[in-house]
Amino acid sequence: AAVLVGLFAIFHGHAHGTELPHAVSTYGYAVGFVIGTGLLHMVGIGFGVLTQSDVGRLAVRGAGGVIALVGAAFLFGLA
């Protein structure tokens, strides 16, 4: 499984590398990705911590519902 994940990671990284605009600093682009990834991980950890309480579980479910509604709005061209 680790080898498979590693292969997907290589191709995923390659895809992001090919998306690099020519007029942008490579280092700035990479730093932006690292910061973005770190923030996504922190939000995920925060959601995990919230699920330790009943109120937190309800909040996480509500956030999931809002995310699903926003996704549906984009899917149907409403947003």
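**Close-up 1. Leu7 and its place in helix H1.** Leu7 sits in helix H1 of this predicted model. With a relative accessibility of 43%, Leu7 is classed as partly exposed. Leu7 also belongs to a nonpolar surface patch, together with Val3, Ile10 and Phe11.

**Close-up 2. Helix H1 from end to end.** Here we follow helix H1, which runs through residues 2-18 and holds 17 residues. From its first C-alpha to its last, H1 reaches 24 Å, close to the 24 Å expected at 1.5 Å a residue. How many of the 17 residues of H1 are buried? The count is 0, and H1 is hardly covered.

**Close-up 3. The aromatic pair Tyr29 and Phe33.** Searching the whole structure turns up 1 aromatic pair. The ring centres of Tyr29 and Phe33 lie 5.0 Å apart and the ring planes meet at 70°, so this pair is edge-to-face. An angle over 60 degrees is what counts as edge-to-face.

**Close-up 4. Tyr29 and Phe33 along helix H2.** Both residues of the pair lie in helix H2 (residues 26-50), where they are 4 residues apart, or about one helical turn. An α-helix has 3.6 residues a turn, so residues three or four places apart point the same way.

Key. Residues numbered from 1 in each chain as written. Predicted model: local features only at pLDDT ≥ 70, side-chain atom pairs only at ≥ 80, totals over all residues. Heavy atoms only, no water. Helix = DSSP H or I, 4+ residues; strand = E, 2+ residues; numbered from the N terminus. Expected span 1.5 Å × (residues − 1). Buried < 20%, exposed > 50% of the residue type's maximum accessible area, 1.4 Å probe, protein only. Phe/Tyr/Trp six-rings, centres within 6.5 Å; stacked < 30°, edge-to-face > 60°. Patch = residues over 30% accessible without salt bridge, like charges linked within 9 Å, V, L, I, M, F, W, Y side chains within 5 Å. Areas by Shrake-Rupley, 256 points an atom, 1.4 Å probe, with all protein chains shown as cover. Salt bridge = Lys/Arg side-chain N within 4 Å of Asp/Glu carboxyl O.
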